[in-house]
Amino acid sequence: MTKSDSGKDSALRIAQQPAADELLARSPLAALVGMLLDQQVPMEWAFTGPYTLAERMGSDDLDAAEIAAYDPEAFTALFTTKPALHRYPGSMAQRVQQLCQYLVAEYEGDASAVWRDAGTGEELLRRLNDLPGFGTQKARIFLALLGKQFGVRPTGWRTAAGAYGEEGSRRSVADITGPKSLAEVRAYKQEAKAAAKAAKAAEAEKPANSATSAKAAKGSSQG
């Protein structure tokens, strides 16, 4: 159990939609799929996706083997049917299917096996990083989510999760426990994005400034 924004014990409140959050809380695969979808769309949209997908598949849960064997065109249609499951429904449908095919091949379709017997945080990070669609950042965020909200805490998990594992942080979906923390995480992301943009702009100006300085220096020496 986690602490909601009110400080009381609560179920997950990531999707901000009770039925979707209930599925995330009981379905390891739904949580993985939600994390996979969490890019270039609002976090609550991404983590509502698994619930909507399960509904469209006529089930109350997701099954890795079923998704892995699904006709690719028909599976893509589940994503593209309005309202679409993602801003890029076609490519994300493919990624979800690739994830499930990997889980079937490596973990017999059991998503929770990815972390169930991981002995250390570094081992768990490696396993998550090996998942299709999971880069290092996404793997660290999901590792932090497992530790903070699912009680999956192998030795060194906070260290392996990096800054996302810090207690009391507001950096990622791992820290969302209600509307207030969602707003705080979103504000942090916007600030980080703005800072990165400013740093990139400053870096782009350096060559131009250097060229201008060199030209001025040359003119001065010739004078």
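Modeller: Let us begin with a term: a salt bridge is a side-chain nitrogen of Lys or Arg within 4 Å of a carboxyl oxygen of Asp or Glu. The structure before us is a predicted model, in which local features need pLDDT of at least 70 and side-chain atom pairs count only at pLDDT 80 or more, whereas totals for chains, interfaces and linings use all residues. Residues are numbered from 1 along each chain as its sequence is written, and side-chain values use heavy atoms, with hydrogens and water left out.

Colleague: How many salt bridges does the structure hold?

Modeller: The structure holds nine salt bridges. In one of them the side chains of E44 and R186 meet, at 2.7 Å from N to O. That pair links distant parts of the chain, with E44 in helix α3 (residues 43–56) and R186 in helix α11 (residues 179–222), 142 residues apart. Helices here are DSSP runs of H or I with at least four residues, strands are runs of E with at least two, and both are numbered from the N terminus.

Colleague: Are E44 and R186 buried, partly exposed or exposed?

Modeller: The general idea is a scale of relative accessible area: buried means under 20%, exposed means over 50%, and partly exposed lies in between, with a 1.4 Å probe and protein chains only. E44 has a relative accessible area of 22% and is therefore partly exposed. R186, at 27%, is partly exposed too.

Colleague: Which residue forms a salt bridge with D110?

Modeller: The partner of D110 is R116, and their closest N and O atoms are 2.4 Å apart. D110 counts as partly exposed because its relative accessibility is 27%, while R116 counts as exposed because its value is 55%. Another salt bridge joins D130 to R126, with the closest N and O atoms 3.6 Å apart. D130 is partly exposed at 40%, and R126 is partly exposed at 46%.

Colleague: What lies around R140, and where is R140 placed?

Modeller: R140 is in helix α9. With a relative accessible area of 34%, R140 is partly exposed. A contact means heavy atoms within 4.5 Å. Leaving aside neighbours within four places in sequence, R140 is in contact with L125, A160, A161 and Y164. The C-alpha atoms of R140 and R126 are separated by 9.6 Å, and these two residues are 14 apart along the chain.

Colleague: Why are α2 and α9 called oblique?

Modeller: Angles under 35 degrees count as roughly parallel, over 145 as roughly antiparallel, 65 to 115 as roughly perpendicular, and the rest as oblique. At about 140°, α2 and α9 are therefore oblique to each other.

Colleague: What is the handedness of the crossing, and which residues meet?

Modeller: A crossing is left-handed if the near helix is turned anticlockwise from the far one by less than a right angle, and right-handed if clockwise. The crossing of α2 and α9 is right-handed. From α2, A31, L32, M35 and L36 meet K138, I141 and F142 of α9. By class, this contact has six nonpolar residues, no polar ones and one charged residue. In that classification Ala, Val, Leu, Ile, Met, Phe, Trp, Tyr, Cys and Pro are nonpolar, Asp, Glu, Lys and Arg are charged, and the others, Gly among them, are polar.

Colleague: Where does the backbone deserve a separate look?

Modeller: The peptide bond from K82 to P83 is cis, with omega near -5°. P83 lies in the loop between α5 (72–80) and α6 (89–107). Q16 is not a glycine, yet Q16 has a positive phi of about 65°; its place is the loop between β2 (9–10) and α1 (18–26). E108, also not a glycine, has a positive phi near 55° and is found in the loop between α6 and α7 (113–116).

Colleague: What does the whole chain look like by its totals?

Modeller: The protein chain has eleven helices and two strands. Of its 223 residues, 41% count as buried.

Note on methods
Axes are lines fitted to C-alpha atoms, for helices over the stretch in contact, and angles run from 0 to 180 degrees between N-to-C directions.
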